[in-house]
Amino acid sequence: MDAEMRYHLECEAAEYVRQGSAPDEARRRAAREFGGLEALKEDARDARGGRPLEDLVLDLRYAARVLRHNPWFTIAAVLTFALGIGAASAIFSVVYGVLVRPLPYAHADRLVVLWERHLPRSKDQNVVSVDNFEAWRDSARAFDGMVAVVPRPVTLIEGGAPERVTGAEISPGYFDLLGVAPARGREFTSADAAPGAADVVILSDGYWRRRFGGDPSVVGRALSVGGRPHTIVGIMPNVEPPRFGWLGEQPLWFPFVATNENRAWGRFLLVIARLRPEATLGQARAEMLAIADRRSREAAANEGWSATVTPLARQITGDVRTSLIVLLGAVSLLLLMAVTNVATLMLSLTRRRARELAMRRAIGATDSRLFRQLFTQSALLGAIGGAVGLLTAAPGVRLLVMLLPPDVPRVDSIRLDTPVLLAASGIAVLATIAFGTVAAIRGRSSAALAASSQGEGRISPRTGGGTLVAVEIALGLALSLMAMLMARSFIALRAVDLGFSSEGVVVARVGLPGDRYRSGASQRAFFTALLERVRALPGVESASVISARPLGGLGPATSVSDPREPAVPASQAPVVDVRFAEAAYFRTLGIRSSRGTTFDERDDGDGPPQAVISESMARTLWPDQDPVGRELHIVINGGITATIVGVVGDVHLMDARTSSRPAVYLSASRFPSEQRDLVVRAGGTPEAIVPSLRAAAAALSPGLPLYQVTTLPHLVSTSLAADRFATILLGAFALVAVALAAVGIVGVFSADVAHRRKEIGVRLALGARSSGIVFILLRQSLARAVVGVIAGAAMALLLARSMGSMLFGVRATDPISLVTVAAVLLGVAVCATLVPAIHAIRQSPLTVLRGDS
Amino acid sequence: MPVSKADLLQGTLDLLILKTLALGPLHGWAVSKRIQQMSKDILTVNQGSLYPALYRLEDRGWIAGAEGESAEGRRIKLYKLTAAGWRQLADELDTWKSFSAGINRVIKAV
């Protein structure tokens with residue numbers, strides 16, 4: 001085009017020469033007639049269809065030039081945006097993996113979990129009895145399949161040392177219901193689940209590879225489980241089984257066989273069902289309610305029991321859901337904050353270039369052209385920042401997965417793949433459009449302003465920076481409040497007196513193989529001998545055993561009553577946790593003894609069993625009375641009456657958050673079992689004692705493993721992992737947010753002050769005191785900050801309500817937290833204002849008034 | 001050099017360019033010169049109108065630019081009519097004839 005037009009000019013000039021003009025004159029005349037070459041080119045381009053594309057290329061080149069010439073601005077903006085996008089993408093990929101990604105089962109959206117519901121205790125999710133499971137399976141029409149599953153800890157003896165693992169018993173059709181076919185062999189049939197059927201087992205892909213090196217010929221071979229040979233009938237593909245309740249990794253599966261014995265155990269089954277394609281969740285719930293209602297009238301055991309239906313995906317997600325959603329909300333705020341900051345940065349850059357833009361307007365750039373140019377600049381910035389952000393998302397996800405508390409489900413499904421990357425890119429594009437539009441509109445109007453006022457001499461109205469400052473303060477406040485509440489909650493949780501002292505205590509589980517220790521006497525003898533050996537070990541201060549250590553999840557619970565009181569209905573009797581402990585347990589864990597003594601170890605069968613009860617249980621049954629010496633009826637082993645020998649302090653058996661429940665302890669040697677938790681208090685570093693503990697166990701019973709070996713301090717720390725995770729993440733977000741707010745405010749305010757230098761100079765020259773000027777500037781900034789604080793407080797209170805269930809010991813509306821973060825944010829605003837304000841009054845008024853810049 | 005006339009009647013420039021190029025391929029300057037000559041200096045085409053028009057016509061596919069050589073051996077862009085351009089020229093001629101006939105009748109009636 002250029003060549004063409006120049007050629008035109010030359011021809012024209014040549015023509016004039018032919019007509020008799022001097023060559024110079026001819027050239028000048030031709031140029032005059034031709035008009036502005038560049039403007040002509042513009043017009044010509046306009047006429048052509050490829051115009052927008054050509055503009056885009058020009059704008060991109062121009063934008064790249066601007067970014068290159070302002071490296072600090074570019075680095076700051078790119079990093080800010082990348083931080084926002086990176087953090088948002090990382091959190092989003094975790095949320096997507098855990099909450100959104102469909103479960104790896106056919107018809108996963110139709111899978112539900114069925115629970116019994118205990119109305120008097122308003123316990124919504126109780127495990128199911130065998131009879132009820134069978135009745136539901138046979139009568140419910142809303143489902144086209146229903147299976148039961150229950151964890152089964154077993155000792156495997158295959159090759160070398162015995163290994164203790166927790167598999168699961170499943171009713172036939174379990175894998176078919178999930179839509180997962182065995183990779184090799186077959187699934188259990190109803191023949192496998194018939195009483196007296198041959199022992200069979202199905203292996204998980206992971207266990208098969210780990211233990212048999214992926215040898216396909218193991219199908220049909222025998223595996224020794226608890227000393228009995230089981231035939232391997234199938235191997236499952238590498239699909240994670242549903243994990244909820246206390247279902248663990250499940251390296252192998254056994255058929256669940258309903259027997260008269262386990263019918264009498266009460267409630268212990270987890271039940272999964274699949275809705276018929278045409279059935280809704282509501283219909284299933286209604287039908288289950290009706291069936292449970294009928295059954296509650298049929299059998300005394302079902303009195304006060306109903307049923308609930310929960311989608312499987314929701315069940316697996318569990319409590320993690322709230323905290324992940326809160327984190328997603330928090331990271332969205334952070335992203336908004338980053339977007340605001342980039343817009344602020346863009347704006348300050350545009351303001352510095354206001355004269356250039358005004359010039360462009362003057363020589364003919366239209367408003368829409370300027371808008372496009374500014375927007376292209378943002379788009380380029382957004383593309384670079386977004387790309388950097390997405391690149392940092394991958395290590396971010398890995399870091400998050402490392403930090404995730406151990407009980408978060410579906411961690412395997414967290415990864416950066418197409419849907420996640422698409423969503424993250426979409427977020428980046430939207431965010432770019434957001435700050436690009438704000439920056440372009442504001443930038444254009446500041447160009448118009450510069451054009452009209454011909455520079456910065458006049459006291460100018462604000463150009464949009466104020467709103468951005470208020471937004472920054474509001475977002476920063478909301479994030480800080482969330483972090484503050486979480487931190488206070490975490491501190492409160494840590495301060496909870498768990499009722500025992502964890503320092504220096506090692507715990508380990510001992511499971512005796514059933515074939516060698518079948519009788520109670522042999523089990524009792526083993527544990528007595530084990531404790532004798534352990535207590536003799538150097539460094540051991542005290543040792544004991546208990547049926548289930550604290551912080552070990554749910555344990556058995558039952559109802560109790562005072563045999564001297566008139567019988568209360570079973571549904572209204574207090575329900576207490578039951579633990580079987582050896583006499584030294586309370587001393588070993590440092591549990592306070594408030595009355596009486598502990599078990600008499602010579603009590604081995606004759607006379608009433610002894611019981612130690614917790615303080616809260618004493619208060620429940622015998623307020624203001626001494627319970628020692630009284631009798632207690634406990635619904636266990638068909639009902640026993642025990643004599644209370646002592647009262648001990650309350651212990652948090654679940655975790656710090658769950659308030660301690662009333663508990664009764666019975667003698668571990670009076671009620672022997674093949675499985676106990678060994679608790680050992682050792683001075684110094686408790687881990688050092690572990691090898692000698694293993695040796696002691698193996699010396700008594702060759703090959704006997706200790707498993708779940710850990711320390712109580714570690715368990716305490718793990719029980720706080722979810723809260724720690726949320727606290728760390730929200731805290732980090734809040735710190736970044738406050739830093740961004742500070743940077744943003746300094747940026748906007750510096751530009752403001754720079755804009756008003758002449759005004760300030762005039763004021764100083766006329767005798768204004770510098771303190772007065774700082775005061776004026778401060779007042780203006782604080783006005784914006786206060787607007788931000790009010791808006792932020794409103795937003796923060798709304799958001800904090802959603803995290804109510806995550807909080808412990810502090811309410812979402814906690815005034816102390818709110819006032820503190822508001823004060824911090826105002827302080828940041830003041831400091832961020834003072835820096836440029838002091839800088840402004842330091843300059844000599846003469847320099848300002850004389851100089852143009 | 002004739003004095004610049006009032007703007008060409010809206011839409012007639014396209015017709016003039018097409019007609020000019022119907023006589024053979026020309027480069028931009030030659031197009032404007034040819035129009036000027038053929039109209040006996042009554043019509044002059046401003047460069048500011050010429051090039052946007054050329055690009056517009058090219059964009060619509062009525063004319064096509066091709067590389068050519070000037071008398072001095074320089075590479076220049078020559079425009080020529082395309083098949084669609086010939087059809088368009090015929091259309092525009094018809095339109096112009098009926099249009100001018102209409103105008104003539106009005107003028108003569110007064």
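With 6 C-beta neighbours inside 10 Å, Asp624(A) counts as exposed (a residue is exposed if 12 or fewer other C-beta atoms, placed from the backbone, lie within 10 Å of its own, buried if 20 or more do, and partly exposed in between). The model is a predicted one, where local features need pLDDT of at least 70, side-chain atom pairs count only at pLDDT 80 or more, and totals for chains, interfaces and linings use all residues. Residues are numbered from 1 along each chain as its sequence is written, while chains are lettered from A and ligands numbered from 1 in the order in which they are written.

Back to Asp624(A): this residue is not a glycine, yet has a positive phi of about 60°. Asp624(A) sits in the loop between helix H19 (615-621) and strand E19 (631-634) of chain A; helices (H or I, at least four residues) and strands (E, at least two) are DSSP runs, numbered from the N terminus. Gln708(A) is another non-glycine with a positive phi, here about 50°. Its place is in strand E23 (residues 706-711) of chain A, and its 15 C-beta neighbours inside 10 Å make Gln708(A) partly exposed.

As for the overall layout, chain A is assigned domain 1 (1-37), domain 2 (49-108 + 320-455), domain 3 (121-303), domain 4 (467-491 + 713-853) and domain 5 (513-703), with bounds that come from an automatic or database domain assignment. Taken over C-alpha atoms, the centres of domain 1 and domain 4 of chain A are 63 Å apart.

Strand E10 (residues 252-255) of chain A is buried on both faces: Leu252(A) and Phe254(A) point one way, Trp253(A) and Pro255(A) the other. E10(A) pairs in the parallel sense with strand E5 (residues 163-170) of chain A over 3 bridges, pairing being called when DSSP finds at least two bridges between two strands. Within that pairing, Phe254(A) is the bridge partner of Glu169(A). E10(A) also runs antiparallel to strand E7 (residues 200-203) of chain A, joined by 2 bridges, and here Leu252(A) stands opposite Leu203(A).

Turning to chain B, its 110 residues are 27% buried. The chain holds 4 helices and 3 strands, in the order α-β-α-α-β-β-α from the N terminus on. Of its contacts with a separation of 6 or more, 52% come from residues 24 or more positions apart (a contact means C-beta atoms, placed from the backbone, within 7 Å).

The 3 strands make an open antiparallel sheet in the order E1-E3-E2 (chain B). Strand E1 (26-27) and strand E2 (63-69) of chain B are the edges, each pairing on one side only. E1(B) is joined to strand E3 (residues 75-81) of chain B by 2 bridges, with Leu26(B) opposite Tyr79(B). H1(B) packs on this sheet, touching E1, E2 and E3 of chain B, and its direction makes about 100° with that of E3(B).

Helix H1 (residues 12-22) of chain B also meets helix H2 (residues 28-38) of chain B: their axes come within 10 Å and cross at roughly 100°. Axes are lines fitted to C-alpha atoms, for helices over the stretch in contact, with angles from 0 to 180 degrees between N-to-C directions. H1(B) and H2(B) are therefore roughly perpendicular, the word used for 65 to 115 degrees, with under 35 as roughly parallel, over 145 as roughly antiparallel and the rest as oblique. Leu16(B), Ile17(B) and Thr20(B) of H1(B) make the contact with Val31(B), Arg34(B) and Ile35(B) of H2(B).

Methods:
Two residues are in contact if their C-beta atoms, placed from the backbone, lie within 7 Å.
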